[in-house]
Amino acid sequence: MAVVSMSARSSTLQARLLPHGPLDVVRQVLLFIAAYQLYRLTRGFVNHPESATAAFQNARDLIGIERTLNVFIEPSLQAFIAGQQWLLDGSAWMYINAQTSITVGALAWLYLFRNPSFYFVRNMFLVAFGVALIGYALFPTAPPRFFPEWGFFDAVSDFTGVRQDSVTISRLFNPYAAVPSMHVAFALMISVPLMRLVRWRALKVFWALYPLIVVFVIVVTANHFIADAVLGAAAAGIGALAARGMARLRPGVWSFRHSRRVELAPEAT
């Protein structure tokens, strides 16, 4: 009886954590790996001098537009924060973790504990990422940290001791993938769903503020212009609209739902 009881509890736990079985987990991981590999392919567009030249010129054009609109506040903001080392280091830490542990952790929590809503969020991510890849390929843009003549400095490299333009980092990331800012897009695409799904008021407030925190972080670390953040928000918006359209095709799987209960049929994909 004890063995049967333990087996039943194990089956119940698996149904809660892996409601569509381990193969579905593998599918979701492979989807995100494929998206990252497509991102890495954009490195091929910046491996020659013409693309690097275009990236710097595009960045100068953005600076010109922001100056015309009187919103080119990035150098002043970074200079002000430079006097608050704890805040600068905290921003550098957040910049690194916003795209890694925080985003991955949020997606894992959605899959494990709010699975009915995970697939809507996943579709948002995949569409927005596709939009970003088009932007990276057609409009390569150098980040502010490459313009010390404007007073910018690389806060993340100063914090980690590793140059972001080092060979190792450059092999993993596109150095001219500034437009749109996927830090902002990812922040919006996890914060809005989580703000609606979490129960504690404090967490709702945190997720409501999270995109603003990320915008602050990407600017003061000199990794993005304000224009990049605006375009990142636009990419997230396109992803949300596309996910809503896709939900009409498979409302039983791809719709955003508040319920924790998982319908095991139809099988998720």
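Helices (H or I, at least four residues) and strands (E, at least two) are DSSP runs, numbered from the N terminus. The model shown is predicted: local features need pLDDT of at least 70, side-chain atom pairs count only at pLDDT 80 or more, and totals for chains, interfaces and linings use all residues. Residues are numbered from 1 along each chain as its sequence is written, and side-chain values use heavy atoms, with hydrogens and water left out.

**Figure 1. Overview of the chain.** The chain has 12 helices and 0 strands. Of its 269 residues, 43% count as buried (under 20% relative accessible area; exposed is over 50% and partly exposed lies in between, with a 1.4 Å probe and protein chains only). Among contacts (heavy atoms within 4.5 Å) with a separation of 6 or more, 83% join residues 24 or more positions apart. The chain exposes about 14000 Å², of which carbon and sulfur atoms supply 69%; accessible areas come from the Shrake-Rupley method with a 1.4 Å probe, and for residues only the protein chains shown count as cover.

**Figure 2. Packing of helix α6 on helix α9.** The axes of α6 (residues 115-138) and α9 (residues 182-197) come within 10 Å and cross at roughly 165°. Axes are lines fitted to C-alpha atoms, for helices over the stretch in contact, and angles run from 0 to 180 degrees between N-to-C directions. The two helices α6 and α9 are therefore roughly antiparallel to each other (angles over 145 degrees; under 35 is roughly parallel, 65 to 115 roughly perpendicular and the rest oblique). From α6, the contact includes Ser117, Val121 and Phe125, and from α9, it includes Met182, Phe186 and Leu197. By class, the residues of this contact are 13 nonpolar, 1 polar and no charged (Ala, Val, Leu, Ile, Met, Phe, Trp, Tyr, Cys and Pro count as nonpolar, Asp, Glu, Lys and Arg as charged, and the others, Gly among them, as polar).

Figure 3. Helices α5 and α10 (residues 201-220) pack at an angle of about 120°, with their axes 9 Å apart, and the crossing is left-handed. Residues meeting here include Leu87, Leu88 and Ser91 in α5 and Phe216, Val217 and Val220 in α10. The contact has 13 nonpolar, 1 polar and no charged residues. Serine 91, in α5 (residues 85-113), is buried at a relative accessible area of 3%. Beyond residues up to four places away in sequence, Serine 91 touches Phe216, Val217, Val220 and Thr221. Isoleucine 81 belongs to helix α4 (residues 74-81) and is buried at 4% relative accessibility. Leaving aside neighbours within four places in sequence, isoleucine 81 contacts Leu87, Leu88, Phe216 and Val220. Its C-alpha atom is separated by 9.4 Å from that of threonine 221, 140 residues apart along the chain.

Figure 4. Most residues other than glycine have a negative phi, and most peptide bonds are trans. The peptide bond from valine 179 to proline 180 is cis, with omega near 0°; proline 180 is found in the loop between α8 (167-172) and α9. Asparagine 70, in the loop between α3 (49-68) and α4, has a positive phi near 60° and is exposed at 69% relative accessibility. Alanine 222, in the loop between α10 and α11 (226-249), also has a positive phi, about 65°, but is buried at 0% relative accessibility.

Note on methods:
A crossing is left-handed if the near helix is turned anticlockwise from the far one by less than a right angle, and right-handed if clockwise.
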